[in-house]
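Trainee: Could you show me how to read aromatic rings in a protein model?

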Amino acid sequence: MLRFALFFGLGTFAFHRLPELPGWPWLALATVLIGLVWGGLGLRPWLAAPIGFAWAHLYTLAVAPPALPADGATLRMVADGRVISLVEHSAHTARFVFEVRSIAGPSGPRTGRWRVRLSWRDPPELRPGDALQLGLRLKAAHGYAAPGAWDYEGWLYWQGIRYTGYVDPESVWRRLPGTPCCRLNRVRGGLAGAIDRLPLSGFSRGVIRALVVGDQSALSPQAEALFRATGTSHLMAISGLHIGLLAGLGLVGVAWLWRRTPRLCEQVPARVAGAVAGLIAALIYALLAGMSLPTQRALIMLSVFTCALLSRRASGPSQALALAAVGVLLWHPPSILSAGFWLSFGAVATILATLSLASREAYWRSAIRVQLALSLALWPVVAAFGMPASGVAPLVNLLLVPLFGFLVIPISLLGTALLALSTQAGTWLLQPLGLLLDLVRQGLISASEIPWSGPLQADTAGPALLAYGCAVGLLFSPHGAPFRGLAPVLLAVPWLPSEPQLEHGAYQVQVLDVGQGLSVVVETRLHTLVFDTGPQFPSGFSTAKAVLVPFLAARRTSRIDRLVLSHGDKDHAGDAAYIVERLDVVRVQSGEPARVGVGAERCVAGEHWSWDGVSFRFTHPAATDDYSGNNASCVLRIGNAAGTTLLTGDVEEPVERRLVAAAVELDSDLVVAPHHGSRSSSSQSFVDATRPAYVVYTAGWANRYGFPASVVDQRWRSAGAIPLNTALLGTLRFRFTAGGAMLGPYAHRLLNKRFWSHSSGSAAPPHAVSSIHRSSRP
């Protein structure tokens with residue numbers, strides 16, 4: 001079974017690496033070939049690989065979210081449907097999943113089922129199951145394509161969501177008659193509302209809500225950052241750990257009570273009663289969590305282990321674990337892409353291996369050994385998925401996992417159940433828990449301030465992780481096994497000093513995909529410059545957190561030698577304070593230092609320096625200039641023997657004309673277009689003066705401004721420049737070698753394309769707007 005599970009997993013994983021989704025004919029052909037081989041050779045273990053591939057193919061074709069019956073980058077429509085998820089509230093905005101059942105159109109209504117993720121500014125009271133008619137503005141789901149960034153498009157795709165958008169504020173909405181659906185989510189929403197009304201701290205309410213109904217939206221950004229910094233974020237996401245702990249409590253508790261009743265034991269063994277009770281408790285908890293994919297995986301694993309326990313078969317826990325893995329992948333093949341899948345099965349395998357090596361130790365020794373083993377064995381998974389690994393995580397989890405498992409989670413569930421019966425009784429039970437959680441928060445703050453609590457900077461490339469994985473395997477091998485002594489050396493491989501990727505005199509430019517904004521990372525052999533941090537939104541979301549920091553972490557970069565914030569606009573200097581707080585930033589400069597804060601100095605034309613044989617020079621603004629806004633942007637020129645790069649911020653035509661008139665050296669091989677390709681910039685004289693080989697537009701996909709403007713794009717093309725857009729291509733990488741060669745561009749979205757990735761062009765109003773019955777009145 002072990003070999004079958006391994007090959008089945010390999011086949012499933014291989015399918016999810018495809019850039020395009022093959023159609024039904026290819027699946028039919030694969031099925032025939034598998035049948036012929038099976039019939040001729042029998043079911044060999046290696047045949048599980050094509051079976052896994054074909055099963056994943058069939059599953060995807062069956063569940064792929066349908067497209068709306070309209071073309072265009074952005075869509076307007078009047079739609080009837082229902083709220084099918086919990087409603088997340090932040091500031092004056094609600095966010096929820098809406099299942100569209102019908103769309104009003106010129107030739108009559110179109111019916112179907114399309115899931116969309118919506119936001120609604122200043123909404124009415126909303127509950128899961130509400131039937132509504134809404135005026136919507138939608139666009140295809142489109143995430144940030146950058147190394148280290150979260151795959152937002154894939155996350156939505158496997159929930160059946162292909163579009164995101166918002167409720168049109170100019171439309172008229174109305175409630176529709178009908179029996180409310182989504183009873184489970186209505187119950188969860190009611191419990192979440194009861195938790196929100198508790199007289200506890202915001203932190204405690206957010207934690208209880210996350211642990212009971214699986215909704216983390218009530219956790220503040222500060223709380224989420226605290227959990228990340230201490231390596232305890234997993235405690236807030238209901239998964240196999242939570243389900244397993246609760247099932248274990250149910251098993252032990254019911255079995256203990258059952259043994260105290262001899263008459264019951266005569267009919268049903270206590271072991272059987274406890275196992276069934278544990279499984280029922282796990283099912284109820286999973287339902288409260290909304291039967292999310294992690295809880296479904298946990299239930300399948302638990303069901304397999306329960307069946308193995310009840311059957312008393314001598315196949316061993318490893319066989320049960322392999323069977324559970326196949327069961328999970330049969331139920332939901334995309335689980336192979338989830339960190340939770342690897343963490344869950346890795347944790348169970350690690351616990352089993354650790355306990356088998358230390359079966360006669362005292363409980364507290366075994367607990368410490370297991371926690372240290374988990375921290376060691378699961379680090380490659382954490383690193384491979386770009387998750388933060390904290391230096392204090394082993395110690396903090398050693399204390400908090402049993403605290404949450406045996407105290408916080410059971411009391412949270414019991415107290416919330418009492419809230420449904422008696423507000424006073426539930427509050428009486430949960431108030432002491434709130435005080436305990438406030439103490440936990442203080443302890444986490446203290447742990448995060450320990451000098452070695454920061455993220456572990458390590459090489460997460462394939463060879464380093466392979467060496468580390470081999471070391472973990474050797475550590476769990478029997479004493480006296482060959483090469484076991486090499487384990488400590490192999491464990492250190494990811495942290496060994498590495499040779500810089502760039503030679504002296506070379507530099508690399510990476511224009512990050514941050515949507516409608518700008519962030520560029522320039523690297524020389526030993527130095528790093530960041531030009532702008534991208535946008536920040538009123539909700540608190542920022543690409544500094546979501547794109548820039550993960551990108552730098554993937555590059556093993558914790559030090560920024562110079563942070564240039566071109567000017568103070570939020571799409572260029574968003575969340576700069578977070579960057580300065582999180583990373584070692586040596587110097588900050590900006591065209592509007594007072595506006596960006598963070599101790600910035602003013603960039604001044606003429607200032608120049610050299611790093612590792614690469615020259616840097618500011619060409620704007622002059623020391624005597626009093627520009628503000630876009631025209632205050634720092635303009636930076638970078639060059640070596642291979643070519644030059646011009647970073648322009650948001651300067652507009654008046655500044656461009658001045659730079660050309662002053663005979664400033666502007667000719668470049670690579671230009672990041674001023675102001676994202678706006679009509680107010682990229683004047684003809686400026687384009688003629690730069691004449692680059694490539695021009696890069698950092699525009700948001702389907703942006704409402706229509707950037708890049710068609711006239712601007714044509715102007716650059718006429719000058720011989722090849723236009724590139726991060727909205728289409730994702731993060732763009734260029735390398736200028738010391739030998740005089742310019743390499744690139746390398747487009748992250750194209751090189752890492754998967755069949756669920758969206759790759760349509762950016763908006764160019766008015767042609768990008770497809771309207772399905774624009775009238776918003778019923």
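Mentor: A charge sits over a ring if NZ of Lys or CZ of Arg is within 6 Å of the ring centre and within 35 degrees of the ring normal. Here, Arg-733 has its charged end over the ring of Tyr-746, 4.3 Å from the centre. Likewise, Arg-562 places its charged end over Trp-609, 3.6 Å from the ring centre. This is a predicted model, where local features need pLDDT of at least 70, side-chain atom pairs count only at pLDDT 80 or more, and totals for chains, interfaces and linings use all residues. Residues are numbered from 1 along each chain as its sequence is written, and side-chain values use heavy atoms, with hydrogens and water left out.

Trainee: When do rings of Phe, Tyr and Trp pair?

Mentor: They pair if their centres lie within 6.5 Å, using the six-membered ring of Trp; planes under 30 degrees apart count as stacked, over 60 as edge-to-face and the rest as tilted. That rule gives 25 aromatic pairs. Take Phe-4 and Phe-8: their centres are 6.1 Å apart and their planes at 20°, so this pair is stacked.

Trainee: Are Phe-4 and Phe-8 buried or partly exposed?

Mentor: Buried means under 20% relative accessible area, exposed over 50%, and partly exposed in between (1.4 Å probe, protein chains only). Phe-4 is partly exposed at 22%, while Phe-8 is buried at 2%.

Trainee: Which residues do ring pairs link into a cluster?

Mentor: That cluster holds Phe-15, Phe-53, Tyr-157, Trp-158, Phe-755 and Trp-756, linked by ring pairs.
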